Amino acid sequence: MLDQSTICAISTSPGVGAIAVIRLSGSDAITIADRVYESPKTGKSLADQAANTLHFGKIVSADETIDEVVIALFRAPHSFTGEDIIEISCHGSVYIQQRILNVLVENGARLALPGEFTQRAFLNGKMDLSQAEAVADVIASANAAAHKLAMNQMRGGFSKEIGALRDQLLHFTAMVELELDFSEEDVEFADRTALRKLTEQIEELLRKLKDSFQLGNAIKNGIPVAIVGETNVGKSTLLNALLNEDRAIVSDIHGTTRDVIEDVVNIHGTAFRFFDTAGIRETEDQIETLGIERSYSKLEQATVVLLVVDTNNPYPLVESRIQNIRERIAPHQTLIIVANKIDSGLRDTIQQIEVMELTDNEKAVFIAAKQKENLEELIDYMSHSINMEEAEQQDIIVTNARHYEILKNAHEAILRVLNGLDMQITGDFLAQDIRECLHYLAEITGEVGTEEVLGHIFKNFCIGK
Ligand SMILES: Nc1nc2c(c(=O)[nH]1)N(C=O)[C@@H](CNc1ccc(C(=O)N[C@@H](CCC(=O)O)C(=O)O)cc1)CN2
Ligand SMILES: Nc1nc2c(ncn2[C@@H]2O[C@H](COP(=O)(O)OP(=O)(O)OP(=O)(O)O)[C@@H](O)[C@H]2O)c(=O)[nH]1
Ligand SMILES: [K+]
Ligand SMILES: [Mg+2]
């Protein structure tokens, strides 16, 4: 049920700026504003003003002028939320902002929850759920690629793609129904070639969307890079060197890093999300063991794995470490063997790593993390692990983990349809999986879904948005 109360919040960033904006939205927005607003020149109340107009005036509380302000007036349904909206631009003092907020609440408004303005825009049909989610991404966008993807989604790019998919699925249902109509005349499997072709198209589209998440996530949150290896090989030293900051504790004590340390940095316009992990070794220490389990789980989630090895160790030892990690690398991951401490390393070990046979998704690079030697080459390899140009070419890239999870389900459903076609399953059974698929797409746009999902999405927004 739609909450009818009038909500208010400070929509500019918390703290002091020259000007701050306070928003009021709801059917009483104009009435409540009029209770605290005075126009020194015209004396006109806001209720008598036209939509989309600006008004100079003052905010008063018991005859005291709190501030001189500019007010913007929007009338339903032509506003961001689809409701009446009053925006008060006041001076940026935190004290003034709080006073105005208080006086609005005293006069009948209620403080907005995080994301509540955008949630109302969604509930009032101003945008679908994927667009509302993109509003938060637009606010958070910190680089050109992330900004472009978020803007496209906010303006309905993804919704359009989902709409096209839905049309195809509905076309499928229509074809199956046609088949069912003809079944008595024994032409049941007559047009299965066309049905199969359509299903393959849908499958490909869903697969592309689903697979684009790796790239989308990398653009939005940074390419996930796990730094793994034995204790004392220089993982934390490498993290600090890449971040250009003393982020992690470095020492010559084995097992210094106990838990995952995470940080994002922009290198040459690409965001990387680094995970420094606990060194892998046999240990009796229970806490260290838990840390090592986390190292392995970060390894699994990473797009790039930096396996740091110490070239001071004899080659056979290094080789067995590499082998151990290799077994855990999936085909979509890039493994970079980072041969560290070349300033003091064994010549033989370095040479043997140099001639090691590497697969397509493997690289080796020779560095001295402590001296920051040869980091450029490493950064170069990391950058190439993801094809950013792909972002320019592909129309739609999924950046949202919720959408990704739903697309995985939808893709599985469509694979069942393909399988069903192979097994010559009857049309009504095929249609069941198609309906499931349609249901998933509706979850993305928010046409179906629970309050719980909405609550979860909007609670991560900032207040005032
Ligand atoms: N002052 C202010 N700046 C802002 C916002 C805002 O709410 N207030 N925005 C908040 O996100 C963004 C702009 N987005 C907006 C989206 C729709 C409407 C709006 O009034 N839409 C009406 C009228 C459209 C029209 O006249 O063409 C509508 O959709 O009916 C306003 C802002 C960024 N800047
Ligand atoms: N000579 C030399 N020493 C290095 C280099 N990189 C790191 N070290 C030293 O190696 C030791 C271990 O470094 P750390 O960065 O703590 O190693 P780590 O892999 O994070 O160790 P754990 O957290 O215990 O797993 C420190 O004394 C570093 O100064 C290097 O390139 N050359
Ligand atoms: K250490
Ligand atoms: Mg460490």
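Is Thr199 buried or exposed? In this predicted model, Thr199 has a relative accessibility of 0% and therefore counts as buried, the cut-off being under 20%.

## Thr199 in helix α7

Thr199 belongs to helix α7, which covers residues 192–221. A polar atom of the Thr199 side chain lies 2.6 Å from the backbone oxygen of Leu195.

Beyond its neighbours within four places in sequence, Thr199 is in contact with Phe172, Ile414, Val417, Leu418 and Leu421.

## Leu104 in helix α2

Helix α2 spans residues 94–106 and includes Leu104. The relative accessibility of Leu104 is 0%, so Leu104 counts as buried.

Which residues does Leu104 touch, not counting those up to four places away in sequence? They are Cys8, Ile22, Leu24, Ile32, Val36, Ile88 and Ala109. Leu104 and Ile7 stand 97 residues apart in sequence, while their C-alpha atoms are 9.3 Å apart in space.

## The buried face of helix α16

Helix α16 is formed by residues 451–458, and its buried residues are Leu454, Ile457 and Phe458. Viewed down the axis of α16, these buried residues fall within an arc of 85 degrees, so they line one face of the helix. An α-helix has 3.6 residues a turn, so residues three or four places apart point the same way.

What covers the buried residues of α16? The cover includes three helices: α3 (116–123), α4 (129–140) and α14 (401–422).

## The surroundings of ligand 2

Ligand 2 is surrounded by 25 residues, and the closest are Lys235, Thr237, Gly255, Thr256 and Thr257. Helix α8 (residues 235–243) supplies the largest share of this shell, with 3 residues. Sorted by class, the shell holds 14 polar, 6 charged and 5 nonpolar residues.

How much of ligand 2 does the protein bury? Taken alone, ligand 2 exposes 650 Å², and the protein buries 90% of that area.

How values were computed:
Residues are numbered from 1 along each chain as its sequence is written. Chains are lettered from A and ligands numbered from 1 in the order in which they are written. This is a predicted model: local features need pLDDT of at least 70, side-chain atom pairs count only at pLDDT 80 or more; totals for chains, interfaces and linings use all residues. Side-chain values use heavy atoms; hydrogens and water are left out. Buried means under 20% relative accessible area, exposed over 50%, partly exposed in between (1.4 Å probe, protein chains only). Helices (H or I, at least four residues) and strands (E, at least two) are DSSP runs, numbered from the N terminus. The arc is that of the directions from the helix axis to the C-beta atoms. Contact means heavy atoms within 4.5 Å. A residue is near a molecule or strand if one of its heavy atoms lies within 4 Å of it. Accessible areas come from the Shrake-Rupley method with a 1.4 Å probe; for residues, only the protein chains shown count as cover. Ala, Val, Leu, Ile, Met, Phe, Trp, Tyr, Cys and Pro count as nonpolar, Asp, Glu, Lys and Arg as charged, and the others, Gly among them, as polar. A polar contact is a pair of N or O atoms within 3.5 Å; within protein, one must be able to donate a hydrogen and the other to accept it, and residues adjacent in sequence count only if both atoms are side-chain atoms.
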